[in-house]
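Here is a short briefing for a reader new to this structure. Look over the sequence and the model, then work through the points below.

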Amino acid sequence: MSERKVTVGAEVGLHARPAATFVRRAAEAPMDITVCRASGGTTANGKSILQIMGLDVRQGEDIVIRAEGDGADEVLDELAAIAGAP
Amino acid sequence: MKTVLAPVEGVAVPLSSVPDPVFSAGMVGPGTAIDPAREPGKAVAPISGKIMKLHPHAYVIVGDDGRGVLVHLGIDTVQLKGRGFQLLAAEGDRVSAGQPVVAWDPAAIEAGGRSPVCPVIALDAAQESVTGAVVGGVHAGDELFQWE
């Protein structure tokens, strides 16, 4: 299992464009992708726009993205870049 | 099959006409949009279920089948930080389809330089699962599209 901790950079948080872009990239990955706050709590399916919106992550909050399997590190790097982008 | 109702009164238009590529390109999901009547109104729940997320400018209702519908009141309206919107329900409430959720004034949104058009999105849905989308005049609570 690989993971990336990233601070959400967009003013709107992980909603709207950042959320849609994140989920689209995650959905292309063959493995499961999970997202949760670094502080814990609910774990969301990174491929579900409904669950990502439900997580309601705001700008400046830290999230942990996890994936396992071949290519996980590459996918996680891309997802972390999307989530961290201003 | 799930029937999704029009959350506001106005003219139903294709998502492709929404002036925000996140919605017009279907990135958030399939659905349709309503160009709202320019008068104060109440946006209603498009389906029965639980209000999973309630922002002044947008809300998500999740039905007992786990399927969620997003209603976004205007474009870039997150920037208003709630000004001009009045919540008529609370996050976590159970609502019936057609029940008022947020009061707003599309004319005021437009006067502020933003589009008041309302995307109505089937979340986590395949593009082809949304059918029968109405085009033209609708009242709040009218059938808007089917989600197969």
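**A three-stranded sheet in chain B**

B:Thr3 has B:Gln146 as its bridge partner in β14(B). This is a predicted model. The pairing belongs to an open sheet of three strands in chain B, ordered β1-β14-β12. The points below start with that sheet, then turn to a helix, a histidine, the salt bridges and the contact between the chains.

**Strand pairing**

- The sheet in the order β1-β14-β12 is antiparallel.
- Its edge strands are β1 (2–5) and β12 (130–131) of chain B, and each pairs on one side only.
- Strands of a sheet pair through backbone hydrogen bonds, in either a parallel or an antiparallel way.
- How many bridges join β1(B) and β14 of chain B? There are four, and β14 covers residues 143–147.
- B:Val4 has its bridge partner in β14(B) too: B:Phe145.
- β12(B) and β14(B) pair over two bridges, in the antiparallel sense.
- B:Thr131 finds its bridge partner in β14(B) at B:Gln146. B:Gln146 is also the partner of B:Thr3.

**Helix α3 of chain A**

- Helix α3 of chain A runs over residues 72–84 and has 13 residues.
- At 1.5 Å a residue, the helix should span 18 Å. Its end C-alpha atoms are 18 Å apart, which agrees.
- Which residues of α3(A) are buried? They are A:Ala72, A:Val75, A:Leu76, A:Leu79, A:Ala80 and A:Ala83.
- Seen down the axis of α3(A), these buried residues fall within an arc of 130°, so they line one face of the helix.

**A buried histidine in chain B**

- Where is B:His57? It sits in the loop between β5 (49–55) and β6 (58–62) of chain B.
- B:His57 has a relative accessibility of 11%. Buried means under 20%, so B:His57 counts as buried.
- Leaving out residues up to four places away in sequence, B:His57 touches B:Val71, B:His72, B:Leu73, B:Thr77, B:Val78 and B:Phe85.

**Salt bridges**

- The whole structure holds 14 salt bridges over all chains.
- A:Glu61 forms one with A:Arg37, and their closest N and O atoms are 3.1 Å apart.
- A:Glu61 lies in the loop between α2 (49–55) and β4 (62–67) of chain A, and A:Arg37 in strand β2 (residues 33–37), so the pair ties together parts that are 24 residues apart in sequence.
- A:Glu61 is partly exposed, at a relative accessible area of 25%.
- B:Arg38 forms a salt bridge with B:Asp35, with closest N and O atoms 3.0 Å apart.
- Both of these residues are partly exposed: B:Arg38 has a relative accessible area of 36%, and B:Asp35 has 30%.
- B:Glu110 forms a salt bridge with B:Arg38 as well, the closest N and O atoms being 2.9 Å apart.
- The pair links distant parts of the chain, 72 residues apart. B:Glu110 is in helix α2 (residues 106–111) of chain B. B:Arg38 is in the loop between β3 (31–36) and β4 (41–44) of chain B.
- B:Glu110 counts as partly exposed, at 38% relative accessibility.
- Salt bridges with shared partners join A:Asp56, A:Arg58, B:Lys53 and B:Glu91 into one network.

**Where the chains meet**

- The contact takes 18 residues from chain B and 16 residues from chain A.
- About 1,300 Å² is buried between chain B and chain A. Carbon and sulfur atoms give 67% of that area.
- Which three residues of chain B supply more of its buried area than any other three? They are B:Met27, B:Lys53 and B:Asp124, which supply 40% of the area that chain B buries against chain A.
- The count of salt bridges between chain B and chain A is one.
- A:Asp56 forms a salt bridge with B:Lys53, the closest N and O atoms being 3.2 Å apart.

Definitions and conventions:
Residues are numbered from 1 along each chain as its sequence is written. Chains are lettered from A and ligands numbered from 1 in the order in which they are written. This is a predicted model: local features need pLDDT of at least 70, side-chain atom pairs count only at pLDDT 80 or more; totals for chains, interfaces and linings use all residues. Side-chain values use heavy atoms; hydrogens and water are left out. Two strands pair if DSSP finds at least two bridges between them. A salt bridge is a side-chain nitrogen of Lys or Arg within 4 Å of a carboxyl oxygen of Asp or Glu. Buried means under 20% relative accessible area, exposed over 50%, partly exposed in between (1.4 Å probe, protein chains only). The expected span of a helix is 1.5 Å times one less than its number of residues. The arc is that of the directions from the helix axis to the C-beta atoms. Contact means heavy atoms within 4.5 Å. Buried area is the accessible area (1.4 Å probe) that two parts lose on being put together, summed over both.
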